[in-house]
Amino acid sequence: MDLSTATWTDIRDLETDLAVVPVGSTEQHGPHAPLGTDVMTAEAVADAGLERVDQDVVRAPAIPVGIAEEHRQFPGTMWVSEDTFRNYVGEAVESLAHHGFDRIVIVNGHGGNVDALREVGGRLTRNGDAYVVPFTWFEGVGEHTADMGHGGPLETGLLRHLEPDRIREERIDEARAGAADGWGDWTSDVNLAYDAAEFTENGVVGDPDDGDAQRGEALLELAADALARLLEAVDERDVSRPERR
């Protein structure tokens, strides 16, 4: 059930303790893909995953701004500090738990959020506030995961499937020309770069033309199936904390 369109009495009458919270970012994705790519993809995967489970699940509104200062040189990018992000997501999840939705999967669409979301999940779970598990959609797509870049084949392909009008096809050649082959500038297994603009001219990493709509459809199927399996596991899991050894 979509929290945004439900009434409070609809929510009161639900017999479930399971919820999902989409989380993304508002940041550059090259000259061809929208700033809201990470939010759009997280919401789409969340909704597709919910269609695959045979029970009520609360779907919270998406959190659209994340940890994205590494894209600050590109106009339109928004970000908050890691502390602000962790606190905001944590308190939003706690508000759901207050109403009894205390098994929560955070559906994430932005790589910069991953570490912070894992910390939030661990803290809330260990404190007994809720059982919280983060799921990043592009880590749940099998062999495709290796091609994840930024505004590259996976994100471009998924949007070409979901909302093709959002991709500026006339700018694909420009996106490819200014793209980096990989994320960062590495020496001795250390990334010397802190900001994306240090290694990519236009913010793109990977070849967006390797992601067509057919690939995007496959990505959505894989990610949605993975999320559905995770929701079932979270629903069935014994979430009591282990005894001290």
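Guide: Strand S3 (residues 103–108) and S4 pair in the parallel sense over six bridges. This is a predicted model, in which local features need pLDDT of at least 70, side-chain atom pairs count only at pLDDT 80 or more, and totals for chains, interfaces and linings use all residues. Residues are numbered from 1 along each chain as its sequence is written, and side-chain values use heavy atoms, leaving out hydrogens and water.

Visitor: What makes S3 and S4 a pair?

Guide: Two strands pair if DSSP finds at least two bridges between them; S3 and S4 have six bridges, so they pair. The bridge partner of Arg-103 in S4 is Tyr-131.

Visitor: Why is S4 described as largely enclosed by the rest of the structure?

Guide: Five of the six residues of S4 are buried, so S4 is largely enclosed. Buried means under 20% relative accessible area, exposed over 50%, and partly exposed in between (1.4 Å probe, protein chains only).

Visitor: Why is Val-141 called buried?

Guide: Val-141 has 0% relative accessibility and therefore counts as buried. Val-141 lies in the loop between strand S4 (131–136) and helix H5 (153–162).

Visitor: How do you know whether Gln-28 is buried or exposed?

Guide: The relative accessible area of Gln-28 is 5%, so Gln-28 is buried. Gln-28 lies in the loop between strand S1 (18–23) and helix H2 (37–50).

How values were computed. Helices (H or I, at least four residues) and strands (E, at least two) are DSSP runs, numbered from the N terminus.
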